[in-house]
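Please look at the sequence and the model that follow, and read them together with this short report.

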Amino acid sequence: MRVLIVEDSRVGQLLRAVLQRDGHEPVLAEDGENGWTLLGQAPAPDLVVLDRMLPDMDGADFLGRLRGDARTAELPVLMVTASAQASAHLDDGALTRVLGKPFDLGELRALVASLTDH
């Protein structure tokens, strides 16, 4: 499974290593604009792991842009954030889930699996 990680901190490196170890094909973007560019390149990702606080845009804005584009409206997103309570409204339990930092790797793996099972 191809996973686009949009994360500007060392957490992105950790996510890439964990997902790669689990047999996925992670691609890392360190800001929202680079993430958006990579999103448009083939092959398309099966999942986006998105930081809420990016240097050039808010993760919620990135998510809104995804949901507003017919090509990416149904793409599963796992938002990782240090402010999980403030981001809870973005978690729809289906296509978008929120994971608070710091996170447990077991919880990360479970959420990745649940987002890509449908």
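## Strand pairing and helix packing

Val3 stands opposite Leu47 in strand 3, in a model that is predicted. This pair belongs to the contact between strand 1 (residues 2–6) and strand 3, which pair in the parallel sense over 4 bridges. Strand 3 is also joined by 4 bridges to strand 4 (residues 77–81), and these two strands run parallel; here the bridge partner of Asp51 is Val80 in strand 4.

| Partner of strand 3 | Sense | Bridges |
|---|---|---|
| Strand 1 (residues 2–6) | parallel | 4 bridges |
| Strand 4 (residues 77–81) | parallel | 4 bridges |

Strand 3 (residues 47–51) is largely enclosed by the rest of the structure, because 5 of its 5 residues are buried. Leu47, Val49 and Asp51 point one way from the strand, while Val48 and Leu50 point the other way, and all are buried.

The helices come next. Helix 2 (residues 32–39) packs with helix 3 (residues 59–67) at an angle of about 25°, and their axes lie 11 Å apart. Angles under 35 degrees count as roughly parallel, and therefore helix 2 is roughly parallel to helix 3. Helix 2 passes helix 3 in a right-handed crossing. On the side of helix 2, the residues in contact are Gly32, Glu33, Gly35, Trp36 and Leu39, and they meet Phe62, Arg65 and Leu66 in helix 3. Sorted by class, this contact of helix 2 with helix 3 has 4 nonpolar, 2 polar and 2 charged residues.

How values were computed
Residues numbered from 1 in each chain as written. Predicted model: local features only at pLDDT ≥ 70, side-chain atom pairs only at ≥ 80, totals over all residues. Heavy atoms only, no water. Axes fitted to C-alpha atoms, helices over the stretch in contact; angles between N-to-C directions. Parallel < 35°, antiparallel > 145°, perpendicular 65-115°, else oblique. Left-handed = near helix turned anticlockwise from the far one by under 90°. Contact = heavy atoms within 4.5 Å. Nonpolar A, V, L, I, M, F, W, Y, C, P; charged D, E, K, R; others polar. Buried < 20%, exposed > 50% of the residue type's maximum accessible area, 1.4 Å probe, protein only. Pairing = 2+ DSSP bridges.
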